[in-house]
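Q: I'm new to this one. Can you take me through some of it, a piece at a time?

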Amino acid sequence: MKKQKFAVIACLAAGFLFASCNKNDKQQEAATPDQVSADVLAQIKANGFSTDNVRKTDEGYLVEGDILLSAEQLQEKVGSPKLRIANDEQYRTNNLVRALPRVIKVKVTGLGSAFIAGTDTAIARYNRLGLRITFQRITSGTANITLQGFNEGPSGGYITLGSSGFPTSSGNPYSTIKMNTNSAAYGSNPDVLYVGSVIQHEIGHCIGMRHTDYYNRAYSCGGSAINEGDGGVGAVLIPGTPSTANANSWMLACSNGGNRTFNANDIIALNYLYK
C-alpha cells in the first residue's frame, strides 16, 4: 500500500534523486539549475531539518515531505538551543504566532466543496480547544492563510497530500497551504474527515509545529529510520509532552489514510504554546 505523505513545503518525502555536484565545476552547476546545492543543504541541516530528498520548488525548498523553507528563512541566523536527539516528545519550531489572542483568517480558493468542508472541520477542531489562537474561514477580504490546489501524482511510492510552511520571524502564521487535487490523493469523491485531518495537520505547521516523529520518520512512513541528529534552530522541546511513543498524533509525518485528530498529548502541546 502506498504511504500518503504530508508536505510542509516539508512533511512529504519527495521521490526525487539529486546527483552530487563538484563545487569547482561551474559548468556542471549551471547545467542543473534545479539541483540543491551543498551550501543550501548545509543551511537546511543547520536549521535542524533532514537533508534527505530535499526538493527545490518555486517558493523555496521542500523538506521532510511537506515543509516549505524559503531562501530567506534559511539565511536567518541560528539563535535557538541546539536540536537534541529526540525520543518521542513533541517539538515546535523556533518561530511561533505572536500578538495573542488572535483570530487567524483562512480562505479557500479554487478548491471543491470537500476541501471547503474539510477546512471548516479543521477550524472547528482547533477552536474547540479554547486556545488564544482561533481560526475563522472567510470568503472575501485578506486572509492570513490561503488554501489553494496543486495537481501531482504519486512519486516513489508516495503521494503528497498537502504542504505548508512555518511561522515568520515577525510572528505571523505561514500564509499558504497547498492541497493535492490529483485523484490519487483523495479519490474522485474525497472524504471530508480525511481532507480535514490533512488540513488540520498543515495548519499545525503554519503555527509552528514540527512532525511528532521527525526523529524517526519510519514510525509513521515506514522505510528506513531517519534521525536528524543534532542541528541548530528548528526543533524546540515542548515541556510536558511524553517520552513514550505518541501514537496517532495529528502531527505524524505520514497520514494513516483516514480521519486523525488531536490526541491527548497533542492537546498538552497546544495548550502549552497557545493557551
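Q: How do helix 4 and helix 6 lie to each other: parallel, antiparallel, perpendicular or oblique?
A: Before anything else, this is a predicted model. Helix 4 covers residues 113–127 and helix 6 covers residues 192–206, and the two pack at an angle of about 55 degrees. Helix 4 and helix 6 are therefore oblique to each other.

Q: And how far apart are the axes of helix 4 and helix 6?
A: The axes are 7 Å apart.

Q: Is the crossing of helix 4 and helix 6 left-handed or right-handed?
A: The crossing is right-handed.

Q: Which residues of helix 4 and helix 6 meet?
A: On the helix 4 side, they include Ala114, Phe115, Ala117 and Gly118, along with Arg125 and Tyr126. On the helix 6 side, Val192, Leu193, Val195 and Gly196 are among them, as are Ile199 and Ile203. Sorted by class, this contact has ten nonpolar, seven polar and one charged residues.

Q: Staying with helix 6, is Cys206 buried or exposed?
A: Cys206, which is found in helix 6, has a relative accessible area of 0%, so it is buried.

Q: What does Cys206 touch, leaving out residues up to four places away in sequence?
A: Cys206 touches Val97, Ile145, Ser164, Gly165, Phe166, Pro167, Pro173, Tyr174 and Ile177.

Q: How far is Cys206 from Thr168?
A: Along the sequence they are 38 residues apart, and in space they are 9.2 Å apart, C-alpha to C-alpha.

Q: Moving to the strands. Why is strand 6 described as largely enclosed by the rest of the structure?
A: Because five of the seven residues of strand 6 are buried.

Q: How does strand 6 run against strand 7, parallel or antiparallel?
A: Strand 6 and strand 7 (residues 133–138) run parallel and are joined by six bridges. As one example, Lys105 has Gln136 in strand 7 as its bridge partner.

Q: How many bridges join strand 6 to strand 8?
A: Three, and strand 6 and strand 8 (residues 145–150) run parallel. Val106 has Ile145 in strand 8 as its bridge partner.

Q: How many bridges does strand 8 share with strand 10?
A: Five, again in the parallel sense, with strand 10 covering residues 176–180. Gly149 stands opposite Met179 in strand 10.

Q: Now the loops. What is found between strand 5 and strand 6?
A: Pro101 is in that loop, which runs between strand 5 (91–92) and strand 6 (102–108). The peptide bond from Leu100 to Pro101 is cis, with omega near -5 degrees.

Q: What about Ala99, where does that lie?
A: Ala99 lies in the loop between strand 5 and strand 6 too. Its phi is positive, about 65 degrees, although Ala99 is not a glycine. Ala99 counts as exposed because its relative accessibility is 63%, and exposed means over 50%.

Q: Which loop holds Asn248?
A: Asn248 is found between strand 11 (236–237) and strand 12 (254–255). Asn248 is not a glycine either, but has a positive phi of about 65 degrees. With 47% relative accessibility, Asn248 counts as partly exposed.

Q: And Leu252, buried or exposed?
A: Leu252 is placed in the loop between strand 11 and strand 12. At 3% relative accessibility, Leu252 counts as buried.

Q: How far is Leu252 from His211?
A: Leu252 and His211 are 41 residues apart in sequence and 5.3 Å apart in space, C-alpha to C-alpha.

Notes
Residues are numbered from 1 along each chain as its sequence is written. This is a predicted model: local features need pLDDT of at least 70, side-chain atom pairs count only at pLDDT 80 or more; totals for chains, interfaces and linings use all residues. Side-chain values use heavy atoms; hydrogens and water are left out. Axes are lines fitted to C-alpha atoms, for helices over the stretch in contact, and angles run from 0 to 180 degrees between N-to-C directions. Helices (H or I, at least four residues) and strands (E, at least two) are DSSP runs, numbered from the N terminus. Angles under 35 degrees count as roughly parallel, over 145 as roughly antiparallel, 65 to 115 as roughly perpendicular and the rest as oblique. A crossing is left-handed if the near helix is turned anticlockwise from the far one by less than a right angle, and right-handed if clockwise. Contact means heavy atoms within 4.5 Å. Ala, Val, Leu, Ile, Met, Phe, Trp, Tyr, Cys and Pro count as nonpolar, Asp, Glu, Lys and Arg as charged, and the others, Gly among them, as polar. Buried means under 20% relative accessible area, exposed over 50%, partly exposed in between (1.4 Å probe, protein chains only). Two strands pair if DSSP finds at least two bridges between them.
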